[in-house]
Amino acid sequence: MDTHKQGWIPCCEEATLLAERSLQQKLPFWRHMGLRVHLLYCKYCRRFLKQSRQIAEAAAKMQQHEDFTLDPQVKAEWESLISRKIN
Amino acid sequence: MPGTALHMNEEKANDSLSPKNWVKRYADDFFRFAMTRVSDKILAQDLVQDTFLSALQSAAQFKGQSSERNWLMAILKNKIIDHYRRQGKVGTLVSLDDGDSFFDEKGHWRKDAAPQQWPDSWQAPGEQTEFLRVLQECIHKLNGMGQAVVNLKYLQEKNSKEICKELSITASNYWVLMHRAKLHLRSCLDKNWLK
C-alpha cells in the first residue's frame with residue numbers, strides 16, 4: 001500500500017485502515033499510537049471509526065432478520081434433474 | 001427442515017455416494033450456506049445446483065476419504081470462490097483501483113467523500129429499521145469479495161483468520177477488502193439513509 005505518512009503519524013487513508021483493524025485486533029504499539037494521535041486532530045476519521053463500529057453492530061443484528069428458506073419447487077426440480085442423470 | 005442436521009451428523013464416511021438422497025439431505029443446508037455468502041437467492045440456487053451436477057460428473061473421483069457431505073461441501077465452496085473471483089477479481093480489487101476514490105493524492109479525505117455526522121437517533125427503534133434496510137441494500141451493492149468479507153465477518157461471525165482461509169486471501173488483502181467495504185458502506189449510508 002502507498003504510504004503518505006510523515007514519520008509515524010498516518011494520513012487519513014492509512015488511519016481509516018488502522019481504525020478498521022483496531023475494531024478487530026490489537027494494533028502494534030506504534031501503529032496504535034499513530035492512530036490515536038491522528039484521531040486527536042481529525043474529526044472525519046473519528047467519525048469514520050465511530051460509524052464503522054455502528055455499521056458492524058447493525059450488520060450483526062441483521063443476521064437474525066434474514067430468512068433463507070429454499071423454495072420446495074426448486075427442490076423438486078433438483079430431485080428430478082438428479083434422477084434423470086443417474087438413470 | 002428439522003431433523004436434517006441430525007441426519008447428517010450420523011452420516012459416516014462411506015465409499016459410495018447416494019445422489020438420490022442429496023436434495024433431501026443437503027439442499028437446505030447448502031442453500032443457507034450459499035445465501036450467507038452471496039446474498040442473492042437465484043445465484044445461491046444456481047451454485048447449489050451446479051454443485052450437485054458437478055458432483056455427479058466427478059462421482060468417480062470420490063474415494064470415500066471424507067464423508068459425502070464434506071466432499072459435496074468442498075465442491076460448493078470452490079463454486080462460491082470461483083464466483084467471487086469471476087466477479088470481483090481479487091487482484092485488481094486489492095490494488096485499490098475500484099473507481100471510487102475517497103482520498104486525495106496526499107491521503108486526506110476528499111471534501112465530497114468526508115464522513116457526514118450521523119444523528120444519534122438512528123438507534124431508536126423506529127429509526128433503526130430504516131437504517132438496517134438501507135444497510136442491507138448497501139451490502140448487496142458491494143462487489144463480490146467485499147460482500148464476502150462483510151458477510152463472513154458479521155453474518156457468520158467468523159474471525160479474520162478463518163475468513164482468509166475460506167477465501168484463500170492473505171491477511172493484508174483481508175484488511176484492504178474490509179477497509180474498502182466499510183468506506184463504501186459508510187458512504188452509501190450517507191447518500192441513501194442520511195438524506
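In which hand of crossing does α4(A) pass α3(B)? The crossing is right-handed, a label used when the near helix is turned clockwise from the far one by less than a right angle. This is a predicted model, in which local features need pLDDT of at least 70, side-chain atom pairs count only at pLDDT 80 or more, and totals for chains, interfaces and linings use all residues. Residues are numbered from 1 along each chain as its sequence is written, chains are lettered from A in the order written, and side-chain values use heavy atoms, without hydrogens and water.

- α4(A) contributes A:Val74, A:Trp78, A:Leu81, A:Ile82, A:Lys85 and A:Ile86 to the contact (heavy atoms within 4.5 Å).
- α3(B) contributes B:Gln45, B:Val48, B:Gln49, B:Phe52, B:Leu53 and B:Leu56.
- These contact residues comprise nine nonpolar, two polar and one charged.

**Chain B overall**
- Chain B has nine helices and zero strands (DSSP runs: H or I of at least four residues for helices, E of at least two for strands).
- Of its 195 residues, 51% are buried (under 20% relative accessible area, 1.4 Å probe, protein chains only).
- Among chain B contacts with a separation of 6 or more, 68% join residues 24 or more positions apart.

Conventions: Ala, Val, Leu, Ile, Met, Phe, Trp, Tyr, Cys and Pro count as nonpolar, Asp, Glu, Lys and Arg as charged, and the others, Gly among them, as polar. Buried means under 20% relative accessible area, exposed over 50%, partly exposed in between (1.4 Å probe, protein chains only).
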